[in-house]
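Student: I would like to learn how to read pockets and helix packing in a model. Could you take me through an example?

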Amino acid sequence: MTIETLIDEVIAREGGFVDHPADRGGPTRWGLTEAVARRNGYDGPMRTLPRSVAADLYCRLYWERPRFADVAARAPNLAAELFDTGINMGPKVATSFLQRALNALNRGATDYADLRVDGAIGPATLAALDTFLASRGTLGEAVLVKACDALQGARYLDLAEQRPANEAFLYGWLANRLG
């Protein structure tokens with residue numbers, strides 16, 4: 001699966017302009033918040049944010065910068081999961097889910113040392129991923145995707161419990177972001 005395909009899927013799922021009163025992110029278009037658009041140079045109305053600008057921001061901020069492309073070279077389904085989670089929760093959160101899962105699945109640090117959960121993909125995270133995949137194979141990638149999904153689902157429930165206004169989004173998050 002290419003990054004272009006992943007971006008097309010996200011944009012199709014996120015739809016056009018939305019300004020839900022319970023959403024702390026404020027106005028969004030194509031799933032991008034106004035704050036993200038402004039920080040990255042877009043100064044027009046959010047209602048008319050061009051799809052091409054959104055696609056560029058998704059590629060730069062949610063694929064290249066967090067190094068999910070490096071993960072894709074090893075585990076494309078895992079990279080797709082991290083990309084989608086990163087869009088919805090932030091790339092650092094998505095990466096921390098991967099690091100936590102790798103730590104929990106390293107058989108007591110006998111396969112590789114525990115990672116520092118810092119939300120950044122660097123040489124240690126990629127080396128741990130390589131070792132994990134070499135020892136667990138194709139099924140290993142599927143297990144990592146499930147572990148990241150489980151952490152994401154737990155976070156959604158926490159968000160709804162901590163802020164009742166988030167209950168307006170919980171069903172959609174669970175229906176559209178997991179699995």
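Tutor: Gladly! Keep in mind that this is a predicted model. Let's begin with the largest pocket, which is lined by 29 residues.

Student: Which residues lie nearest the centre of the largest pocket?

Tutor: Those are Asp23, Thr33, Asn88, Phe169 and Trp173.

Student: Which element gives the most to the lining of the largest pocket?

Tutor: That is α8, with 5 residues. At least two lining residues each come from α1 (3-14), β3 (32-33), α3 (51-64), α5 (76-89), α7 (123-162) and α8 (167-177).

Student: What is the lining of the largest pocket like by class?

Tutor: The lining holds 11 nonpolar, 11 polar and 7 charged residues.

Student: Now for helix packing. How do the axes of α3 and α5 cross?

Tutor: The general idea is that two packed helices are described by the angle between their axes and the distance between the axes. In this model, the axes of α3 and α5 come within 9 Å and cross at roughly 110°. The two helices, α3 and α5, are therefore roughly perpendicular to each other. The crossing of α3 past α5 is right-handed.

Student: Which residues meet where α3 packs on α5?

Tutor: From α3 come Tyr58, Tyr62 and Trp63, and they meet Ala79, Phe83, Gly86 and Ile87 of α5. By class, this contact of α3 with α5 has 6 nonpolar residues, 1 polar and no charged ones.

Note on methods: Residues numbered from 1 in each chain as written. Predicted model: local features only at pLDDT ≥ 70, side-chain atom pairs only at ≥ 80, totals over all residues. Heavy atoms only, no water. 1 Å grid on protein atoms, 1.4 Å probe; cavity = no way out; pocket = protein on both sides within 12 Å on 5 of 7 lines; lining within 4 Å. Helix = DSSP H or I, 4+ residues; strand = E, 2+ residues; numbered from the N terminus. Nonpolar A, V, L, I, M, F, W, Y, C, P; charged D, E, K, R; others polar. Axes fitted to C-alpha atoms, helices over the stretch in contact; angles between N-to-C directions. Parallel < 35°, antiparallel > 145°, perpendicular 65-115°, else oblique. Left-handed = near helix turned anticlockwise from the far one by under 90°. Contact = heavy atoms within 4.5 Å.
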